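Trainee: I have a structure open and want to get my bearings. Can we go through it together?

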Amino acid sequence: MKLEGSCHCRGVRFSVETHHPSPFMRCYCSVCRKTQGGGGFAINLSGDARSLKVRGQQHVKVYRARIQNPEDAKAHQSKGQRHFCGRCGSALWLYDPTWPELIHPFASAIDTPLPQAPELVHIMLEFKPDWVPVHAGKKDKKFQRYPKESIAEWHQRHDAEVD
């Protein structure tokens with residue numbers, strides 16, 4: 001499926017191909033929460049990095065977050081590159097060189113209608129502030145940090161359930 005996305009001011013428009021268009025994972029970490037500005041969580045999708053096409057590249061800026069978990073003696077800079085519009089500040093996608101074949105567009109930037117996920121996965125709940133409610137359905141999974149199941153494994157499991 002081809003996903004089309006844009007920032008709020010439409011200075012940046014992009015497209016990316018994905019085999020997994022369901023926005024299923026809500027991340028409550030402080031980086032996602034503070035850079036996204038919505039609902040207290042961010043929703044990432046998964047796409048083929050080779051297929052990413054960007055118009056308005058001159059407006060794209062990159063932020064690499066400083067990460068410090070409670071057990072860490074000091075903070076480190078994330079490998080993840082959070083791309084956003086330098087004009088309006090809209091979060092667009094995350095790229096992490098650890099997985100060079102993937103790009104993770106934020107569902108909030110996607111203009112293409114997306115299918116509803118059969119279940120949601122709520123991650124990084126350890127870092128969720130008290131004011132943020134978790135609206136979890138009966139099938140939803142909740143994790144203090146990360147699940148053992150990868151994004152690809154989640155989609156494989158749900159693709160198998162549909163077949």
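Mentor: What follows is a walk through a predicted model, taken by topic.

Trainee: Start with the sheet. In what order do the strands of the open sheet come?

Mentor: The order is β6-β9-β10-β11-β4-β3-β12-β13, which makes 8 strands with mixed pairing.

Trainee: Which strands stand at the edges, and why do they count as edges?

Mentor: β6 (60-63) and β13 (141-142). Each has a single partner strand, so one side of each has no neighbour in the sheet.

Trainee: What joins β13 to β12?

Mentor: 2 bridges, with β12 (residues 121-123) and β13 running parallel. Val 121 is opposite Lys 141 there.

Trainee: Is β4 mostly covered or mostly open?

Mentor: Mostly covered, as 5 of its 7 residues are buried.

Trainee: Back to β3. What does Met 25 touch?

Mentor: Met 25 is in strand β3. Beyond its sequence neighbours up to four places away, Met 25 touches Ala 42, Ile 43, Asn 44, Val 121, Ile 123, Pro 147 and Ile 151.

Trainee: Buried or exposed, that Met 25?

Mentor: Buried, because its relative accessibility is 15% and the cut-off for buried is under 20%.

Trainee: What about His 20, buried or exposed?

Mentor: Also in β3, which covers residues 20-27. His 20 has a relative accessible area of 19%, so it counts as buried. With neighbours within four places in sequence set aside, His 20 contacts Ser 46, His 155 and Asp 159.

Trainee: Change of topic. Which residues of the largest nonpolar core touch the most other members?

Mentor: Val 12, Phe 14, Leu 92 and Trp 93, out of 19 residues in that core. At least two residues of this core come from each of β2 (13-17), β4 (42-48) and β10 (91-95).

Trainee: What does Phe 14 touch?

Mentor: Leaving out residues up to four places away in sequence, the contacts of Phe 14 include Leu 3, Leu 52, Val 54, Leu 92, Trp 93, Pro 105, Ala 109 and Ile 110. Glu 4, Gly 5, Ser 6 and Lys 53 are also among them.

Trainee: How many residues are in the second core?

Mentor: 17, and that core is separate. Ala 91, Ala 117, Met 124 and Trp 154 are included.

Trainee: How many bridges do β1 and β2 have?

Mentor: 5, in the antiparallel sense. Leu 3 has Val 16 in β2 as its bridge partner. β2 also pairs antiparallel with β5 (residues 53-55) over 3 bridges, where Arg 13 is opposite Arg 55.

Trainee: Last topic, the largest pocket. How much space lies in it?

Mentor: About 1,300 Å³. The lining has 44 residues, and Leu 94, Asp 96, Trp 99, His 104 and Tyr 146 lie nearest the centre of the pocket.

Trainee: Which elements give two or more residues to the lining?

Mentor: β3, α1 (30-36), β4, β7 (66-67), β8 (76-77), β11 (102-105) and α2 (151-162). β4 gives the most, with 4 residues.

Trainee: How do the lining residues divide into nonpolar, polar and charged?

Mentor: 18 are nonpolar, 16 polar and 10 charged.

Conventions: Residues numbered from 1 in each chain as written. Predicted model: local features only at pLDDT ≥ 70, side-chain atom pairs only at ≥ 80, totals over all residues. Heavy atoms only, no water. Core = buried A, V, L, I, M, F, W, Y, C linked by side-chain atoms within 4.5 Å. Buried < 20%, exposed > 50% of the residue type's maximum accessible area, 1.4 Å probe, protein only. Contact = heavy atoms within 4.5 Å. Pairing = 2+ DSSP bridges. 1 Å grid on protein atoms, 1.4 Å probe; cavity = no way out; pocket = protein on both sides within 12 Å on 5 of 7 lines; lining within 4 Å. Points joined across faces, edges and corners; volume = space filled by probe spheres on them. Nonpolar A, V, L, I, M, F, W, Y, C, P; charged D, E, K, R; others polar.
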